[in-house]
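Open your viewer and get ready to select. Each stop tells you what to pick and what is there.

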Amino acid sequence: MNLDLDAEAVAFRDLVRAFLGENVLSAPLPAVDTPAGAAAHRAWERKLADAGLAAVSWPVDYGGRAAPPLHALLFDEEYHAAGAPVRIGQNGLFLLAPTLLAHGTAEQCARVLPPMARGDEVWAQAWSEPSAGSDLASIRSRAVRGDGGWVLSGQKTWSSRAVVADRAFGLFRSHPGEPRHHGLTYLMFDLRAPGVTVRPIRQLDGTAGFAEIFLDDVFVPDADVIGTPGDGWRVAMSTAGHERGLSLRGPGRFTAAAGRLIELWRSSPAGTQRGDSGPETAVDAGRVVDAWIGARAYRMQAYAALEEPVSPSATKLFWSEMDAGLHETALDLLGPHAEITPGWTGGYLFSLAGPIYAGTNEIQRDILAQRELGLPR
Amino acid sequence: MRLGPSEEQRRFAQVLHEMLTGNESAPMRRLWAALGDVGVTGLTVPERYGGLGAGADDLVVACEQLGRHAVAGPVAESIAAAPALLPGDVRRLPGLVTGRLIASLAAAPWLPYALDGDAVDLLLLVDGDTVHLGRAGEVHRSMDPARRLVAVQRGALVGTGRPVGRALDLGVLACSAQLLGAGRALLDMSVEHARTRTQFGRPIGAFQAVRHRLADVSVALDFARPLLYAAAVALNETGGSAAVTLDETGGSAAVTLDRASGIPAADVDAGRDVSAAKVACGRAALLAARTALQVHGAIGYTAEHRLGRYLTLVRALHLSWGTPDQHRRRVLAAISGGPDGPIGVREAPQAGATAGDPTPQPVSGLGAASDADVASESRGGLQSAGAGVARTEEERS
């Protein structure tokens with residue numbers, strides 16, 4: 001076993017580090033879910049694409065550099081270490097793109113992926129519905145066969161990025177007579193098409209990070225079906241791991257957060273007194289260490305997974321609980337100042353969503369118990 | 001870049017697993033001789049003394065299997081730590097290799113007693129960077145019926161300026177691997193029980209109250225293992241530099257480190273990684289043990305069920321070779337010097353790299369024993385272990 005980087009990997013990492021060093025601004029961009037913020041974040045994506053760094057693992061033809069998984073991991077670590085902007089294109093880049101590369105046609109990949117990489121087309125996801133959350137297979141939104149395509153109607157909700165996005169992807173019931181896991185079709189549609197209404201939902205942090213999408217007889221051409229009509233569940237599930245696992249949540253963000261937590265600890269009264277000031281301090285120190293160990297474990301698992309992948313459900317359970325714990329620790333260290341420290345409260349509120357989105361942790365435990373441990377339903 | 005067992009290491013683990021199956025409660029002497037035959041006891045001993053000169057990662061692979069079978073006896077003491085405490089010891093190393101010589105040791109504050117110190121051939125007492133022979137004192141019966149903790153009195157001097165930090169880190173690493181292996185075995189037996197035990201007309205593993213707990217155990221084990229491997233890699237990296245400690249420019253982290261653990265540090269990052277692994281493996285194993293008992297119910301509480309053997313072993317090892325609190329202190333001292341650094345540890349540090357790279361400064365100083373054996377022969381491998389296996393099979397046939 002070793003953690004050595006070959007010359008190629010070191011060269012790639014240096015390239016990424018140099019690019020980020022020159023281009024990441026010290027002042028953060030405006031919030032991504034505002035018009036000004038969205039424009040600034042799209043411009044950032046274009047800059048990444050021009051440097052060939054928007055999607056390093058994609059095939060070269062679609063705007064990537066066919067980089068091995070190790071390089072994608074190094075990119076993630078450098079990206080977060082540099083404090084680079086949130087990826088406005090992340091739903092497309094990390095969720096739709098793997099699905100297209102696995103199940104899409106060459107025409108679809110060539111048409112969809114390059115503008116996605118450049119930030120010209122930002123994608124939202126359209127999975128959940130008011131009565132289909134954890135029980136995703138109970139989707140009711142319909143796709144009815146039309147002339148040369150499908151006509152969508154129904155309601156999607158909790159659609160991340162839909163407020164600022166151009167297009168969306170999701171599952172629709174196309175064959176209503178079939179058993180519920182069958183008869184679903186995976187479709188891409190235009191959020192500005194006639195019949196689409198996007199209503200922002202204000203989140204508990206005050207931002208409009210997600211939205212409802214109302215569809216009223218929205219036409220989608222056959223060219224925007226991914227896989228076979230009626231086979232959408234299988235298509236979606238075959239790449240669901242991307243949402244839960246390492247491709248959405250690389251270790252970089254947690255390594256960076258743990259680093260900030262250590263800095264916070266060092267500057268806190270408990271940290272400067274080096275743990276000599278009573279029982280309260282001792283508790284905090286232990287939690288700081290455990291948070292750091294958790295981030296370190298996730299990072300090392302990412303390297304281990306290059307050889308032997310761990311289940312996406314286990315990965316999702318681990319990062320989401322670890323992230324919440326890390327931020328709880330930071331807030332507790334800040335004490336009465338915590339609520340007026342947006343640098344941490346923002347991350348804290350975001351971390352609380354982790355155990356819910358991408359399939360709740362309860363669902364993940366069920367999947368893990370069944371698929372990894374072989375326990376009966 | 002590989003943070004997981006190679007094909008060769010997997011095969012080695014499988015051979016060991018098969019050898020141990022059914023022999024878990026063999027007498028210590030017979031078991032140690034068998035471990036000698038397959039190369040386990042000589043893993044980290046340089047080849048010139050008959051060992052395999054293998055790395056810390058090979059040690060981890062082997063000790064995971066020993067933990068999986070809840071093997072009793074001074075595993076970390078005799079197999080991991082003792083060889084490193086006795087560099088160049090022509091009289092003792094060959095015996096450790098064959099398993100005919102079994103060692104134990106005390107090294108306060110991590111190991112205030114010597115495990116099975118009244119039953120071993122070689123008893124050591126570690127004090128700073130000095131190693132003495134020990135004399136067995138009072139014998140204490142453990143909560144774990146398979147363990148006896150023995151007070152140790154100082155005997156003759158064996159040597160001073162020994163690479164104690166590295167030796168003890170190897171012991172902690174081995175103990176962590178045992179914990180992880182035991183945790184995995186506990187999960188496996190719990191899953192098996194949850195699949196077959198029926199209540200209310202269903203296998204109990206169909207109830208979320210049960211299956212979610214087992215899922216949490218699985219996650220804890222899955223994410224402890226990479227820390228163990230990373231710690232082994234870190235120890236391999238420092239294998240040739242037993243002299244590494246920190247100078248004044250290394251900052252307060254080094255000083256705090258020594259005070260926090262009370263033990264000379266082989267290397268800040270290796271010590272940090274070893275401690276992180278011990279905390280995570282101990283926590284995962286303990287969760288596995290408590291969950292296993294709850295899933296099994298009363299049958300798991302009986303003396304004849306093997307679960308109890310694992311439960312008491314895990315609880316004992318969790319607090320042995322340094323308590324979680326002692327190891328957290330060591331991690332804290334190390335990371336207070338800066339955040340997690342870059343991967344690719346063999347590179348020279350670069351100016352202007354990620355803020356606060358905690359790249360340690362290799363200098364001579366405290367505990368700077370020359371350890372040519374470890375330096376020049378630390379990496380051999382399992383090729384010769386394969387030969388050992390073949391030999392055993394010939395003997396059997």
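Predicted model: local features only at pLDDT ≥ 70, side-chain atom pairs only at ≥ 80, totals over all residues.

Residues are numbered from 1 along each chain as its sequence is written, while chains are lettered from A and ligands numbered from 1 in the order in which they are written.

**Stop 1: the domains of chain A**

Color three ranges of chain A: 7-117 for domain 1, 123-232 for domain 2 and 242-372 for domain 3. These bounds come from an automatic or database domain assignment. Now look at domain 2 and domain 3 of chain A. Their C-alpha centres lie 32 Å apart.

**Stop 2: an annotated span in chain A**

Select residues 8-120 of chain A. UniProt, in an unreviewed entry, places "domain: Acyl-CoA dehydrogenase/oxidase N-terminal" here. UniProt positions use the numbering used here, feature names are shortened, and annotations may be inferred rather than shown by experiment. The span is 63% helix and 0% strand. Helices (H or I, at least four residues) and strands (E, at least two) are DSSP runs, numbered from the N terminus. The end C-alpha atoms of the span lie 31 Å apart.

**Stop 3: where the chains meet**

Show both chains. How many residues of chain A are in contact with chain B? There are 45, and they meet 44 residues of chain B. Contact means that C-beta atoms, placed from the backbone, lie within 7 Å. On chain A, select H3 (69-81), H8 (252-267), H10 (279-304), H11 (312-334) and H13 (361-372); each supplies at least two residues to the side that touches chain B. H10(A) gives the most, with 14 residues.

**Stop 4: chain B**

Select chain B. Its 397 residues are 59% buried. Buried means 20 or more other C-beta atoms within 10 Å of the residue's own, with C-beta atoms placed from the backbone. Chain B has 13 helices and seven strands.

**Stop 5: helix H11 of chain B**

Select residues 324-335 of chain B, which form H11(B). Is this helix mostly covered or mostly exposed? Mostly covered: 10 of its 12 residues are buried. Among them are His327(B), Leu332(B) and Ile335(B).

Conventions. Contact = placed C-beta atoms within 7 Å. Expected span 1.5 Å × (residues − 1).
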